[in-house]
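Biologist: Could you walk me through this one? I'm new to it, and I'd like to start with the charged residues.

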Amino acid sequence: MPDQIRPVGINVMKEQRFPGLGVSPGVAFGIAHVRESGVVDIPEYEIRKKDVKTEEDRLVRAVRLAQRQVRRLQSRAKEMANEAGEELWALLDAYLLMLDGSRLVRGAEKRIGAQRINAEAAIQMEIAVISEAFQAMDDTYIAARLDDIREVGNRILLNLGKHPLRPLSALPKGSIVIAENLSPADMAQLDPSTVVGVGTLLGGAEGHTAIVARALGIPSVLGATDLIEGVHTGDRVIIDGSAGLIVVNPGPDTLKRLERRRAELDKASKRLARLKSQPAISRDGTVFKLQANIELPIEMKMIGHVAAEGVGLLRSEFMFMNRPTVPTEDEQFETMRHIVEGMNGYPVTIRTLDVGAEKAANAVIGEMDDSVATALGLRGIRLSLLRPDLLETQFCAMLRAANYGPVRILLPMVTTVSEVQQARKILEKAAARLKRRKVKLPKDLPPLGTMIEVPGAALAADALAQVSDFLAIGSNDLTMYTLAADRANEHVASLFDPLHPAVLRLIQFTTGAAMKARIPISICGEMAGDPQLTVLLAGLGLREFSMSPSNIPRVKQRIREMDAVAASNRANLIMDQVDSGRIRMLLDDFNGLA
Ligand code: PEP
Ligand code: MG
């Protein structure tokens with residue numbers, strides 16, 4: 001990631017374009033907040049009232065240290081005894097003035113108490129706010145002063161500790177977060193009412209960071225490999241999350257064009273919103289169930305807007321992120337109850353903890369070696385079975401939430417029948433424990449289902465169907481593990497292809513196995529939310545789709561235009577193909593795009 005200090009003299013206002021993967025649609029205009037590399041794993045933190053003084057003292061010490069450092073540099077500049085030395089001396093003098101109660105230092109001091117944030121966060125916010133004000137002035141002299149402020153700010157940050165911390169959840173309104181990489185937990189901290197867009201160097205389209213971006217409805221472009229140069233905190237930026245483009249310091253023509261584009265997208269989504277009260281039924285009368293995937297309670301609002309018929313996947317791991325300790329049973333129960341009650345009688349499928357791989361939750365895996373909870377390591381149910389205490393607590397919270405509406409329980413990353421059996425035993429144990437505690441339980445235990453997202457599980461779907469009450473296809477991981485292509489790695493984004501015949505055959509086999517066993521089957525990977533693929537999935541026999549709420553209207557529209565018998569015929573034709581390019585062509589042709 002570029003240094004935050006902009007070299008004086010370069011033309012800062014030149015338009016620059018960085019193509020990447022458009023992972024969350026929409027066009028956003030805002031001000032860049034650049035997050036340096038190396039800090040992504042450090043959580044931001046709020047402070048308690050009683051710690052305000054300590055934090056203010058830390059800032060004062062860091063500022064004093066910076067003053068000593070600058071004075072030392074100044075005396076060296078004096079020794080140079082030439083023009084460059086004089087210039088440097090004057091510059092350092094300006095830095096000293098800034099360190100002596102300037103807006104930067106005063107503003108940061110105030111923020112610590114007013115917003116209860118750590119000193120690093122306060123400095124960062126103050127720089128961002130000053131940058132925004134200066135940017136509006138459009139003056140090269142001012143732009144150079146901005147560089148000085150950043151330089152001084154960075155020096156204070158360095159003095160405060162090895163790693164500057166950034167308040168991702170407390171950025172000014174209209175911010176666009178630019179980072180080398182954002183973890184799913186980082187993305188989950190963003191507040192869509194203040195952060196309007198995201199651009200990163202790294203990341204794939206189906207990784208959890210992308211999924212959370214879509215969930216929050218924040219237009220995002222990930223994997224913009226060239227972003228390494230030329231974007232700084234305070235720059236004006238446009239994120240075109242539909243086309244996969246980041247524009248820095250856009251010129252008037254680009255601004256006009258992208259404003260038009262945004263208006264068109266808004267119009268299209270308003271048109272789709274009219275489908276809210278319409279059922280998801282194909283032209284020939286086949287009924288589909290469209291449910292929502294959710295990560296954060298904040299998404300409940302969106303679910304209401306699109307009239308989802310339940311939650312097909314609640315990714316419970318997000319309750320464990322961005323916090324130093326694991327949530328208690330009561331905390332988990334409260335979050336789940338809020339969601340179950342909010343669904344007004346529609347079912348909520350709660351998945352047990354799926355941390356590991358790119359989904360880090362320090363409270364759970366913080367003390368483990370990096371090589372333990374990898375994509376092929378202790379992920380999902382594997383970790384839960386090694387920590388039955390955590391699993392049992394989760395089950396208790398789910399069972400209690402099930403008193404408030406229909407709940408289903410889903411197990412992630414299953415590979416063997418015995419994993420499901422062990423989990424069921426722990427579920428029964430949790431129920432017995434609640435009974436002993438005299439806690440009210442639902443009449444029947446919630447159905448316990450298995451995610452089919454590992455190729456081995458898909459090939460053994462018939463066996464897993466015997467021990468499961470329902471199956472849910474996780475096409476994201478199924479694609480990743482089948483094709484050995486990391487879903488979060490932009491370098492293999494083109495290999496990550498859910499239309500690869502191998503993936504489709506596994507989906508077909510799994511669907512058939514569930515039907516034979518007469519248990520419900522759904523799909524909750526990103527494929528489910530792609531209207532271009534609706535025909536194929538419907539043609540393979542799937543009727544329950546769970547997706548990011550924002551995709552529901554488009555998929556519903558596709559279903560309402562579709563003929564289920566014709567879809568089945570087209571799926572048969574597709575399943576005879578060996579090449580994903582040809583498969584896509586056959587689909588596009590059916591969808592009327594060819
Ligand atoms: C999947 O793998 O398709 C899935 C739905 O689970 P997640 O994306 O959370 O891994
Ligand atoms: Mg998965």
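Predicted model: local features only at pLDDT ≥ 70, side-chain atom pairs only at ≥ 80, totals over all residues.

Biologist: Okay, which residues are the protein donors of the magnesium ion (ligand 2)?

Modeller: The protein donors of the magnesium ion (ligand 2) are Glu 453, through OE, and Asp 477, through OD, and they lie 2.0 Å from it. Glu 453 sits in the loop between strand E13 and helix H15, while Asp 477 belongs to helix H17, so the pair ties together parts that are 24 residues apart in sequence.

Biologist: And is Glu 453 buried or exposed?

Modeller: Glu 453 is buried, with a relative accessible area of 2%, and Asp 477 also counts as buried at 2% relative accessibility.

Biologist: Switching topic, how many salt bridges does the structure hold?

Modeller: The structure holds 30 salt bridges. One of them joins the side chains of Arg 58 and Glu 120, at 2.8 Å from N to O. Because Arg 58 lies in helix H1 and Glu 120 in helix H4, this pair ties together parts that are 62 residues apart in sequence, and both residues are buried.

Biologist: What about Glu 561 and Arg 558, where do they lie?

Modeller: Both lie in helix H20, three residues apart, which is about one turn of the helix. Glu 561 forms a salt bridge with Arg 558, with the closest N and O atoms 3.2 Å apart; Glu 561 is partly exposed at 41%, whereas Arg 558 counts as buried at 11%.

Biologist: Last one, which residues form the positive surface patch?

Modeller: A positive surface patch is made up of Arg 64, Arg 68, Arg 71 and Arg 72, and Arg 64 is placed in helix H1, residues 52-80.

Key:
Residues numbered from 1 in each chain as written. Chains lettered and ligands numbered in written order. Heavy atoms only, no water. Patch = residues over 30% accessible without salt bridge, like charges linked within 9 Å, V, L, I, M, F, W, Y side chains within 5 Å. Areas by Shrake-Rupley, 256 points an atom, 1.4 Å probe, with all protein chains shown as cover. Salt bridge = Lys/Arg side-chain N within 4 Å of Asp/Glu carboxyl O. Lys, Arg positive; Asp, Glu negative; His and termini not counted. Charge placed at Lys NZ, Arg CZ, Asp CG, Glu CD. Helix = DSSP H or I, 4+ residues; strand = E, 2+ residues; numbered from the N terminus. Donors = N, O, S within 2.8 Å, 3.2 Å for Na, K, Ca; no water. Buried < 20%, exposed > 50% of the residue type's maximum accessible area, 1.4 Å probe, protein only.
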